[in-house]
Each structure stands twice: as C-alpha cells, then as structure tokens.
Amino acid sequence: MLINGVEIADTFAEAFKMRAARLIITAVNPRWALTAAQVATGFGTSVIACGCETGIEAVISADETPDGRPGVSILVFTMGSKGMEDQLMRRVGQCIMTCPTTACFNGLEGDKMLKIGGTLRYFGDGFQISKLLEGRRFWRIPVMEGEFLVEESFGIKKAIGGGNFLILGEGPEVTLEASERAVEAMEKVKGVVMPFPGGIVRSGSKTTSRYKFLRASTNTAYCPTIRRQTESALPEGVNSVLEIVIDGLNEDAIREAMRVGIEAACLPGVVRISAGNYGGTLGQFQFHLREIMGER
C-alpha cells in the first residue's frame with residue numbers, strides 16, 4: 001500500500017488499557033491558562049518513569065468553560081486509579097493551584113470519582129469554603145492572590161495508551177518535518193494526546209534489555225547508527241526514524257488521529273510508515289495501519 005509514494009507497512013500498533021482523566025483549567029486570560037496546562041503536563045511522557053502520560057488536548061473558548069473564562073483541557077493517563085489519584089493530587093496542587101488566577105474543573109464523566117479538590121481543600125487551613133452547584137461540589141481555597149476554585153471530585157474512565165506509528169525517512173530533516181506535520185494534524189482530533197516532547201519520540205523503546213535492572217531499552221531494530229551490528233528493521237535508504245505515540249479516550253479517537261497523522265506524514269523523502277508492536281503480547285488493542293488508511 002502506497003500513499004504519495006510512501007509505503008504503509010502491513011503491521012499494527014499495539015496498545016494497552018489505561019485510565020484517563022480530563023482537567024479543565026481556566027484563568028483570567030489564555031496566557032495563564034496555557035501556562036498552567038504546560039506546567040501540569042510536564043514530565044508526563046511515559047509511564048515507564050514519569051508516573052503518567054499527559055498532554056494538552058485543546059484550547060477552550062470562554063463560552064465553553066464552567067466559569068466563562070478562557071481555558072485549556074488536558075488529559076492524564078495512568079495504569080490504574082491509585083496512580084491517577086497520586087498524579088492528580090501532585091499536578092493540581094503543585095502546578096495549577098500555584099499558577100496565578102487559575103481554577104480547575106472536572107471534564108470527564110467517569111466510572112469512578114477521585115476526591116482531588118476534596119483533599120486539596122485542607123491547604124486552606126480551615127478557611128476553605130465549599131459550594132454546591134447543580135449537584136457538583138466546589139472548594140474555594142484561600143491563597144495569597146485571592147482564592148483557588150477547584151472541583152471536589154474528578155472522574156476517571158477506561159482508556160487506551162500506546163497507539164503509535166513510526167516515520168522512516170531518508171534523513172533527519174525530512175523525518176522531523178513529516179513528524180511535525182503529523183502532530184499538527186493530530187492535535188485537531190478530540191480525545192487524544194501525544195504525550196512526548198512536541199508529540200514526537202526520538203528514543204523509542206522495546207520492553208527488553210540485556211541489563212537485568214532495566215525493563216526497557218532503546219529500540220535497536222530502528223536505530224540507524226547500529227544497523228550493521230544488530231538485527232535491523234530498516235530498509236536501505238532510511239537514516240532517521242521518529243515515533244509518534246497516541247493516548248486516547250477510545251479506539252475511534254486513536255484510529256482517527258493515526259489516520260490523519262499518517263496521511264500528513266507521507267512526504268517526499270519519507271520511505272515507510274510502520275508501527276511498534278510485540279506480536280500482540282503486550283496490549284489488548286491492535287491498530288492495523290493499512291486497515292486504518294483504507295477508511296476513507
């Protein structure tokens with residue numbers, strides 16, 4: 001299968017079950033809402049070491065937010081509810097509450113609710129005030145600037161992590177350009193985030209290592225500088241590979257993000273689009289590239 005002369009490999013991306021939360025962050029203006037969102041999603045690229053995978057989902061206009069102010073929605077993905085509670089407590093408390101003028105609201109109807117604002121309220125040292133509006137409880141926590149408004153509970157639901165595709169290019173420049181175009185197209189899809197820096201991974205990993213103390217190591221099959229020293233998966237002419245990882249609220253969202261991303265990445269100088277999998281042994285979901293690209 002070819003798209004604009006780029007081979008679409010007959011393979012699949014292997015993804016796995018996760019849990020997701022959506023936070024709506026608002027502020028006095030878009031600058032501060034985005035600042036809080038960027039800080040809150042920092043160090044959230046991979047559950048291998050970061051505790052969660054997280055990213056900015058969308059910028060939200062004032063007429064779409066609970067308090068009528070400019071906002072940003074972020075998605076947070078973890079392997080379980082306990083990990084999610086820990087990550088939300090840290091990120092809301094340390095990154096959003098500390099940011100000038102912000103408020104934080106639940107953005108997801110989940111199958112389980114975590115009492116995040118209900119625990120952060122104790123920072124108010126007894127001066128916090130609760131308010132119930134249309135069945136939703138909020139806490140007003142006094143801070144030096146004024147007060148921080150945060151919803152008491154945040155919903156989490158079953159989600160999917162690890163959707164991915166690989167861009168194999170003739171050199172670093174064209175591979176990066178193709179990846180940037182892919183991410184730009186994918187950012188328009190609701191319900192997904194690409195958690196790595198700028199949405200792009202240069203250091204893709206495999207789930208094995210020759211060192212017993214490591215549970216992951218560099219994806220040697222796709223490293224061009226050692227292609228003669230290992231069992232390489234790179235065709236001739238490929239000298240750079242970048243990966244895009246997608247976490248999503250459901251299969252349809254990941255499938256659509258992959259479709260538009262792959263299509264945008266098929267530029268002259270890109271040799272092949274492939275994907276990372278472990279033969280179906282790692283995850284419960286398989287996203288077959290050619291099947292996805294046939295959905296037109």
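My request concerns Cys104: does this residue count as buried or exposed, and what is its relative accessibility?

Guide: Happy to take you there. Cys104 counts as buried, because its relative accessibility is 0%. Here buried means under 20% relative accessible area, exposed means over 50%, and partly exposed is what lies in between, with a 1.4 Å probe and protein chains only. Before we move on, please keep in mind that this is a predicted model, in which local features need pLDDT of at least 70 and side-chain atom pairs count only at pLDDT 80 or more, while totals for chains, interfaces and linings use all residues. Residues are numbered from 1 along each chain as its sequence is written, and side-chain values use heavy atoms, with hydrogens and water left out.

Let us stay with the cysteines for a moment. The structure holds zero disulfides, a disulfide being a pair of cysteine sulfur atoms within 2.5 Å. Cys104 is therefore in none, and the nearest cysteine sulfur, that of Cys95, is 11 Å away. Cys50 is another case: the closest cysteine sulfur belongs to Cys52, and because the separation is 7.2 Å, the two are too far apart for a bond. Like Cys104, Cys50 counts as buried, here at 10% relative accessibility.

Another buried spot is Ile156, at 1% relative accessibility. Ile156 sits in strand E11, residues 153-169; helices (H or I, at least four residues) and strands (E, at least two) are DSSP runs, numbered from the N terminus.

A search of the whole structure finds 12 salt bridges, each a side-chain nitrogen of Lys or Arg within 4 Å of a carboxyl oxygen of Asp or Glu. In one of them, the side chains of Glu7 and Arg272 meet at 3.0 Å, N to O. This pair links distant parts of the chain: Glu7 is in strand E2 (residues 6-8) and Arg272 in strand E16 (residues 270-274), 265 residues apart. Both partners are partly exposed, with relative accessible areas of 27% for Glu7 and 21% for Arg272.

Arg22 and Glu57 form another salt bridge, at 2.8 Å from N to O. Arg22 lies in strand E3 (residues 12-26) and Glu57 in strand E4 (residues 53-60), so their contact ties together parts that are 35 residues apart in sequence. Arg22 and Glu57 are both buried. Glu147 and Arg140 also pair up, with their closest N and O atoms 3.0 Å apart; Glu147 is partly exposed at 41% relative accessibility, and Arg140 is partly exposed at 31%.

H5 covers residues 251-265, 15 residues in number, and reaches 21 Å from its first C-alpha to its last, close to the 21 Å expected at 1.5 Å a residue; the expected span is 1.5 Å times one less than the number of residues. Asn250 caps the N-terminal end of H5, with a side-chain oxygen 3.2 Å from the backbone nitrogen of Asp252. The buried residues of H5 include Arg255, Arg259, Met258 and Ile262.

Most residues other than glycine have a negative phi. Asp125, however, has a positive phi near 55°, and Glu134 has a positive phi near 50°. Asp125 lies in the loop between helix H3 (117-120) and strand E8 (129-133), whereas Glu134 is in the loop between E8 and strand E9 (136-143). In contrast to Cys104, which counts as buried, Asp125 counts as exposed at 63% relative accessibility, and Glu134 is exposed with a relative accessible area of 85%.

Methods
Polar contact = N/O pair within 3.5 Å; in protein donor to acceptor, adjacent residues only side chain to side chain.
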